[in-house]
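Trainee: I am new to this structure and would like to go through it by question and answer. Please show it first.

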Amino acid sequence: MEAVTFVRGERARPDWLRTNPRAWIAAVAAVCIGAFIGQLDSSIVALTYHQVSSDLHAPLNQVQWISLSYLIALAVLLVPVGAISDRIGRKRMYLWGFAVFGLSSLACALAPNLGSLDAMRAVHGVGAAMLQANSVALVITSVPREKMRTALGIQAAGQAIGLAIGPTVGGLIVQAASWRWVLVVNVPLALLGLIVGRYLLPRTRIPANTTPSSLGQGVLTALRVPSMPPRLIAALLGYLLLFGPIVLVPLVLQDHGVSAAKAGLVVAALAVGFALAASAADRVLPAAWSAARRCLLGLVLTAAGLGWMLAVGAHAGALVPGLLVTGLGIGVFAPANNALIMGSVPSHTSGLAGGMVNMARALGTAGGTAVITTSLALWTGLRPAVIVLLVLAAVAASTLLAGLSAAGLSAAGLSGPDSAGRTQRGAEVGNDEVSGASAAANR
C-alpha cells in the first residue's frame, strides 16, 4: 500500500470505530447530516418570502435576494473551497462549515432589516460551500471502492429527504410562529453535525510523495481530464431536471385552484422517488452494470416520467406517478454520474472534484428555477415547460455519451468494467487504517 500522511490538526476516529469494517457507514451518516440540512434550507426559505416582506417592509422582488445572495456565494466558492480543502484538510473544512452554517443561521434569524439579512445569508452560503464542497470527497475517501455507488446513493437520499420535508416543515413553522424560526431550525442540526463529524469522519489522507506544489499541479490535471466537462454538464442538467418540476408543479397546480399544502404533497412524490432510487439502486440493479449504463437508465426513466406528465397535464393526482418515476430516474442517474466524475481524477484532488460536482448541483438548482419561470412566462400551462425538460433530458443523454467517448468508452461497452473503478486511486478510497508503526499516528 502507498505510504500516506495525515493532515495535522484533524482528530482521528476512536480506535474501536477505525478497526470496524462498517466504519464507512458511520462516516457516510455524518456526511448525510450536511446533505440533509443543505437541501432543507434550500427548500424551506422560499416559503418565508411573504412573511419577510411584511415584517421587514420590503417588496417581494427584493426579498428574493435572501435566496440569491446565498446561492451566489455557494456557487462561487464551491470549487475554490474544495481545492483549499485538499490542502488544509477536508474533515477540518467540513467541521468549520457546520460552525459557520449554524452561527450564520442564528445571525439571519436575528437580522433587523433586509440588508443585514441578505449579508448574513451570503455568509450562510459560505458555510454551505464549506460543507458541500467536501461532502462527495469525504464519501469517496471514507468507503471501500466496492461500496462507492451505495455510499453516494445514501448521501443523495439524505439530500432528497431534506428536500422533501422542507416545504412541509417550513409551512408549519411559518404558520405557527415566524419566518425567523425557520432559520433557527438549522442551529441544532449544525451543532449535531459538528459533534458527529468530529468523531465519525476519518482524517484527510495525502500520499506521502504529494507536496503542496504537486497538489497544485494535480488541480490543473483535474480540470484537464477530457471526460470531466461533459460529465459535469450532465450533472448540472440532472439536477435541473430534478428541481424543475419542484418549481413547476406547485405553481401550475395553484393556478388551477389546488391548495399549497396539497401541491406540496404532490411534488413530494418526486423527492420520494429520488430517495428510493438513490438509496436502493445499487442493490436492485445488476452488479455488473457500469456507472455509465446506470446513468443512461436513469435518464430513460426520467424521460418516461416527464412523458407521463406531458400526457396527463395539470391534474394533481394523475401527476404523482410521473413525478415518482422522474424522481426514480434522477435517483439512479445522479449517484452513478457522481461516481464517474470522482473516478476521473486522482483522489488527492477529490476535494476539488467534489466542489465541482456540488457547483454543478447548485447551478442546476438555479437553472431549474430559471428554466421553469421563463417557460411559464413565454407559454401558459404545464405541458410547454415539460417539453422543455424533455429536450434537456435528451441533451443530458447526448452529453453523457460525449463523456464516454472522451473517456475512450463506447455505448456498446457500457456493461464492461466501470471506468470510475479503473481510475480511482485505490489506496485513498478505503478506510484510513494503516499497519505497523504508522497505526499510532492515526489515533
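**Burial, contacts and salt bridges**

Mentor: Thr150 counts as buried, because its relative accessibility is 14% and buried means under 20% relative accessible area, exposed over 50% and partly exposed in between (1.4 Å probe, protein chains only). This is a predicted model, in which local features need pLDDT of at least 70 and side-chain atom pairs count only at pLDDT 80 or more, while totals for chains, interfaces and linings use all residues. Residues are numbered from 1 along each chain as its sequence is written, and side-chain values use heavy atoms, with hydrogens and water left out.

Trainee: Which residues does Thr150 touch, not counting residues up to four places away in sequence?

Mentor: Thr150 has its place in helix H8 (residues 148-176). Helices (H or I, at least four residues) and strands (E, at least two) are DSSP runs, numbered from the N terminus. Contact means heavy atoms within 4.5 Å. With residues up to four places away in sequence set aside, Thr150 touches Trp24 and Asp282.

Trainee: Which residue meets Asp282 in a salt bridge?

Mentor: A salt bridge is a side-chain nitrogen of Lys or Arg within 4 Å of a carboxyl oxygen of Asp or Glu. Side chains of opposite charge can pair when their charged atoms come close. For Asp282 the N to O distance is 3.4 Å, and the partner is Arg294.

Trainee: Where do Asp282 and Arg294 lie?

Mentor: The pair links distant parts of the chain, twelve residues apart. Asp282 is partly exposed because its relative accessibility is 22%, whereas Arg294 is buried at 3%. Asp282 is in helix H13 (residues 260-284) and Arg294 in helix H14 (residues 291-312).

Trainee: How many salt bridges does a search of the whole structure find?

Mentor: One of them joins Arg121 and Asp41, with the closest N and O atoms 3.0 Å apart. Arg121 lies in helix H7 (residues 114-140) and Asp41 in helix H2 (residues 23-44), so this pair ties together parts that are 80 residues apart in sequence. Another joins Asp55 and Arg180 at 3.5 Å, N to O. The search of the whole structure finds three.

Trainee: Is Val76 buried or exposed?

Mentor: Val76 has its place in helix H5 (residues 65-88). Its relative accessibility is 56%, so Val76 counts as exposed.

Trainee: What share of the residues in the chain is buried?

Mentor: The chain has 443 residues, and its secondary structure comes to 20 helices and two strands. Buried residues make up 55%.
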